[in-house]
Amino acid sequence: MCVAVALSSLTAVPALADAQHQAAYETKTVRTATGTHQISTRDLQCLSEALYFEARGEGSAGQQAVAEVILNRVDHPRFPKTVCGVVNQRGQFTYNKGARIREKGTYARVQKIAMAALAGAPRTLTNGATYFHARGVRPSWTKRFERTIRIGSHTFYRSDRRMASN
C-alpha cells in the first residue's frame, strides 16, 4: 500500500486547551488508495512508538499485525477507546515508555505502517486478534483465548471466542 502524507493545519482547538490537550486536536492528512483521511498526530505517535518497540525487528506484515491488535482493542468494549489509551494501559505493553528511539530509519518505516493502519487499511492479517506475545514466552492467558495466527516472532490470539477449559 502506498501512503503519501501531508501535514494539515490544526483543526479547531478549544481556546482554553492547554498544550497537552491541544496535541490531541492536531491532525495529519493521509492520502491512500481509498481516499484522504484525517488522523490524530497523538494516535500516530502512540501507535508508531508501540510498533517500534514491540515489532521493529519484524517485517512489514508483522508490524501491520501488531497495529491490527492495537486498533482491534480500540474497537473492543473491554479496552480503552483511544490508541494511546490502549498502548498505555497498565500491564499490557511491556516496553519502557520513556525509552529513546535510536533507529530513525526503522521509526520512519513503522510510522508509515501506523499511518496506513490509522487511515483505515484493511485488518485482514490476525483474524480479529486482541492479544499477541513473542514466541519465546508463554503467558498464562494463552489458554483462555483462541490462537489465530503466527506472524514472524509473534503469536496472535482472539478473546471473543472462549475456548473450553476442560
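Me: How many of the 16 residues of α3 are buried?

Reply: The model is predicted, so local features need pLDDT of at least 70 and side-chain atom pairs count only at pLDDT 80 or more, while totals for chains, interfaces and linings use all residues. Residues are numbered from 1 along each chain as its sequence is written, and side-chain values use heavy atoms, with hydrogens and water left out. Buried means under 20% relative accessible area, with a 1.4 Å probe and protein chains only. By this criterion α3 is mostly covered, and its buried residues number twelve.

Me: Which helices are included in what covers the buried residues of α3?

Reply: Helices are DSSP runs of H or I with at least four residues, strands are runs of E with at least two, and both are numbered from the N terminus. The cover of α3 includes the strands β4 (131–134), β5 (146–151) and β6 (154–158). The helices included in it are α2, α4 (83–87) and α5 (104–118).

Me: At what angle do α2 and α3 pack?

Reply: Two packed helices are described by the angle between their axes and the distance between the axes. Axes are lines fitted to C-alpha atoms, for helices over the stretch in contact, and angles run from 0 to 180 degrees between N-to-C directions. For helix α2 (residues 41–55) and helix α3 (residues 60–75), the axes are 10 Å apart and the angle is about 130°.

Me: Which word describes α2 relative to α3 at that angle?

Reply: Angles under 35 degrees count as roughly parallel, over 145 as roughly antiparallel, 65 to 115 as roughly perpendicular and the rest as oblique. The angle of about 130° therefore makes α2, relative to α3, oblique.

Me: Which residues of α3 make the contact with α2?

Reply: Contact means heavy atoms within 4.5 Å. On the α2 side, the contact is made by L47, A50, L51, E54 and A55. On the α3 side, the residues are G62, Q63, V66, A67 and I70.

Me: Which residues of α5 does α3 meet?

Reply: α3 and α5 pack at an angle of about 45°, with axes 10 Å apart. From α3, the residues involved are S60, Q63, Q64, A67 and L71. Their partners in α5 are R109, V110, I113, A117 and L118.

Me: How many residues of α2 are buried?

Reply: Among the buried residues of α2 are L44, C46 and F53. The helix has 15 residues and is largely enclosed by the rest of the structure, because the number buried is twelve.

Methods:
Buried means under 20% relative accessible area, exposed over 50%, partly exposed in between (1.4 Å probe, protein chains only). The expected span of a helix is 1.5 Å times one less than its number of residues.
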